Amino acid sequence: MAVFNQVDFDNHEQVVFCSDKESGLRAIIAVHNTNLGPAVGGCRMWDYASDDDAVVDALRLSKGMTYKNAVARLPFGGGKSVIIGNAKEIKSEQLFRAFGRQLERLNGSYYSAEDVNITCGDVAIMNKETNYVLGLEGKSGNPSPFTAYGTFLGIKAALQHQRGHQDLTGIKVAVQGLGAVAYSLCKYLHEAGATLFVTDINQVAIDRVVNDFAATAVSIDEIYDLDVDVYAPCALGATVNDATIARIKATIIAGCANNQLAESRHGEIIRKKGILYAPDYVINAGGIINVYYETAPEGYSAEASNKHVEGIFNTLTEIFARSEKEQKSTHLIADELAQEIIKNGL
Ligand SMILES: NC(=O)c1ccc[n+]([C@@H]2O[C@H](COP(=O)([O-])OP(=O)(O)OC[C@H]3O[C@@H](n4cnc5c(N)ncnc54)[C@H](O)[C@@H]3O)[C@@H](O)[C@H]2O)c1
């Protein structure tokens, strides 16, 4: 298995392969960069087709966290961990304790948290063996409302840049996915006067948003074809792709989902089409910002966290301006901004 000459290897500081015979743990912890502080990023449990796939995922996700934390101006580096296996079959107290002991061995160079298939309860078990975990129940709490607030402000920043105003009255927004973040986002948008078109695979989630915020429900596939101002991807990744770009009529793409562009080239295609894209890891940083306040020297404060989340508006405004000036897609400008911050400090 190649690591150092993987395309996704980007001078990661540490890539640790962990195993524990008793619990069957097999995990990879990738610490990408700690220039700005200890690496922070969640732990994902996934039934990877191969160990190589798990390595690639850990390398990519950890680099993504370095960039996300830097642009959010947090004193955190980037890291991520993956536990290999089917979440329905392998979860056990023994396994999470073994993983906690592996975190402890890294002595604080990496802090873990929830991610796909890893719950607050799982992290609480890791916490029996180590303090190098964040986002625990009863501390900074549920990050989703903070992610929603940042996403709402990101939509306003996009409107301001593209249309010269932030007034959401009558602005039509297509929201794809109505989970934890999107519900709060829809509330903000509705209260600000936006008209909502929504979809989800879960009828209960749809009914709630239709009832609470006078939204219009559309089918899963129809969401791309709507004559709206904003398309807000809030469910899956890779929804901005060759097939959907041809259909999207919105002139703004701004939502909370991770990895919205199927490939990097799609960022340039949508820019040339006149669509303003709020880079995903910039607009959806509210959750990680809130987690940071769990570690802040002055102690957790929702007020301080919200104030920091408000910085997402200015960061996006800067990215949009640079993108226009340099005629380069917003996601590449975001990467450049991250690299500058990592090199020069916060
Ligand atoms: N929770 C956070 O604070 C946070 C932070 C950063 C990024 N994100 C990202 O934002 C997105 C949403 O996160 P969440 O915490 O609200 O998740 P969630 O699981 O609560 O909600 C996701 C919703 O998407 C729906 N969905 C799944 N497939 C769909 C499809 N094909 N079409 C339409 N809807 C579909 C699900 O039914 C669910 O209601 C994810 O991509 C997540 O990685 C979340």
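Biologist: Which residue does the UniProt annotation "active site" cover?

Modeller: Keep in mind that this is a predicted model, where local features need pLDDT of at least 70, side-chain atom pairs count only at pLDDT 80 or more, and totals for chains, interfaces and linings use all residues. Residues are numbered from 1 along each chain as its sequence is written, and side-chain values use heavy atoms, with hydrogens and water left out. UniProt positions follow the numbering used here, feature names are shortened, and annotations may be inferred rather than shown by experiment. In the unreviewed entry, the "active site" label covers Lys80.

Biologist: Is Lys80 buried or exposed?

Modeller: Buried means under 20% relative accessible area, exposed over 50%, and partly exposed in between (1.4 Å probe, protein chains only). Lys80 comes out at 6% relative accessibility, so Lys80 counts as buried.

Biologist: Where is Lys80 found?

Modeller: Strands here are DSSP runs (E, at least two residues) and helices are too (H or I, at least four), numbered from the N terminus. Contact means heavy atoms within 4.5 Å, and, leaving out residues up to four places away in sequence, Lys80 touches residues including Tyr110 and Asp115. As for its place, Lys80 is in strand 5 (residues 77–84).

Biologist: How far apart do the C-alpha centres of domain 1 and domain 2 lie?

Modeller: The bounds come from an automatic or database domain assignment. Domain 1 is 13–65 + 77–126, and domain 2 is 144–287 + 295–344. Their C-alpha centres lie apart by 28 Å.

Biologist: What phi does Arg73 have?

Modeller: Most residues other than glycine have a negative phi. Arg73, in the loop between helix 1 (51–71) and strand 5, is not a glycine, yet its phi is positive, at about 55°.
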